[in-house]
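Me: I would like to go through this model by question and answer, beginning with the chain as a whole and then turning to local detail.

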Amino acid sequence: MGAFSGGVSFPCAGRLGLAAVALCLGFAPSSADAGLVINEFLPDPAGSDGGREFVELLNTGPAPVDLDRVSLQFANGAIGADWATRWSGAGWGTLAAGARFLLADRNWQGPEQPDVEVYLGLQNGPDAIRLLDAGGVLDLVGYGPLTDPELFEGGPADLASGLSVARRPDGRDTGHNTVDFVVAQPTPGRANFQPYAAAATALDFDPPFLERSGETLRLSVVVRNEGTESLPAGPCRLAWSGGEVGSWWDDTGPGDSRTLTFVARLERRGPIELSWELPLSGGQDTVRIQLGSVQVGAAALQLNEVMPAPQTGQGEWLEFRWSGSRPGNLADYEVRDEDGSWQALPPTVLTSGSLVVVAQDSLGLSQWRLDNGDAGCSRCRNPSRILAASGWPSLNNLPPADRLFADRIYLRDSLGTVIDAVA
């Protein structure tokens, strides 16, 4: 949060030179005039915007900044440079060197404590925000596909739903929005990027789940350096509770990526959480990425049967079997095929041993069963229910040129763990 007159300021300020202060705080000195900048903002949160938008200001200079005559303004890119004031700093005193000031939308829903709640109404781009004081414009950031040069510096920043627009590194100001800002995970009131950090940008489990303990998993992961410093060469590992396998990490600069492959034998049943870890030398913290979980052994819900090539009028369908000792709900799970996106399953209560069919055309399949003498299924202990799907994966029947199988259906739970798959 911001450090005001009489508040707490950073301990490195006052003992070190400007360059050293910038290193301690995790941002480089501005190539433009040092001072107050828009450091990060979230114009298009995941879900509804109300109570989730924020703008973070950062004092990049060596001295406190007087907020009394500072204001934040917004411009709708569809209209042009018609600016509306969203916040005025009158009465807020000074912001210490290196300190942050967090403006959050009214009825703020984040866990962080904002410095002030105001109506932001940033909209989802192409739009712009700017900081003013009595001397003119302190900072201007345009975001989205803007064409009006009055609404950005150099070029507009990129925008992605659910991600913030953040300076990389913190406080960097070259006078070019496209260069200074990237889309990133929101970090209101905190540093946008750490010196040492990483993210998994692609992940492949082969097979997607293990049918029994003791089987071998081949995992490929693309790791990108998300920090502001190079990730140094050294041994890294794929780790889980009770085991790990190692590999070698080459020196990788900020923004660059490496592809790693691990082969692991997993001896325990159930969902097993995996992480990639790179220990840093000199007693520094280990860089760690949570990779999610792999299922070992059967889960409570299973794909029991797949119809990818139906007869006329039957439609494609998937049958599920519930073996859990307690009731469950099908709506807690999702499916997709090899080339498609995840589709929610319809809600229905599942009890031990029950079978349920989710159909591409539930009415057509029901009629098909009537026409083919399979309506009552009197011989079945647990007759199948036929449910309509809200979306359908459209199963391939012939293998495309780039793989040996026609299609594969994946089933995952509410935590995102693939618990079954049928090729």
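**Contacts, a helix and a loop**

Reply: In this predicted model, residues 24 or more positions apart account for 61% of the contacts in the protein chain that have a separation of 6 or more. The protein chain has three helices and 29 strands, and of its 423 residues the buried ones make up 46%.

Me: Which strands are included in what covers the buried residues of H3?

Reply: Helix H3 spans residues 362-371, and its buried residues are Ser362, Gly364, Leu365, Trp368 and Arg369. Seen down the axis of H3, these buried residues fall within an arc of 160 degrees, so they line one face of the helix. The face of H3 turned away from that buried side carries the exposed residues Leu363, Leu370 and Asp371. The cover over the buried residues of H3 includes strand S21 (317-322), strand S26 (355-359) and strand S27 (385-388).

Me: Is Gly77 buried or partly exposed, and at what relative accessibility?

Reply: Gly77 is placed in the loop between strand S4 (71-76) and strand S5 (83-88). Buried would require a value under 20% and exposed one over 50%, so Gly77 counts as partly exposed, with a relative accessibility of 25%.

Me: What distance separates the C-alpha atoms of Gly77 and Asp127?

Reply: Leaving aside residues up to four places away in sequence, Gly77 touches Pro126, Asp127, Leu146 and Leu151. Gly77 and Asp127 are 50 residues apart along the chain, and the separation of their C-alpha atoms is 4.2 Å.

Methods: Residues are numbered from 1 along each chain as its sequence is written. This is a predicted model: local features need pLDDT of at least 70, side-chain atom pairs count only at pLDDT 80 or more; totals for chains, interfaces and linings use all residues. Side-chain values use heavy atoms; hydrogens and water are left out. Buried means under 20% relative accessible area, exposed over 50%, partly exposed in between (1.4 Å probe, protein chains only). Helices (H or I, at least four residues) and strands (E, at least two) are DSSP runs, numbered from the N terminus. The arc is that of the directions from the helix axis to the C-beta atoms. Contact means heavy atoms within 4.5 Å.
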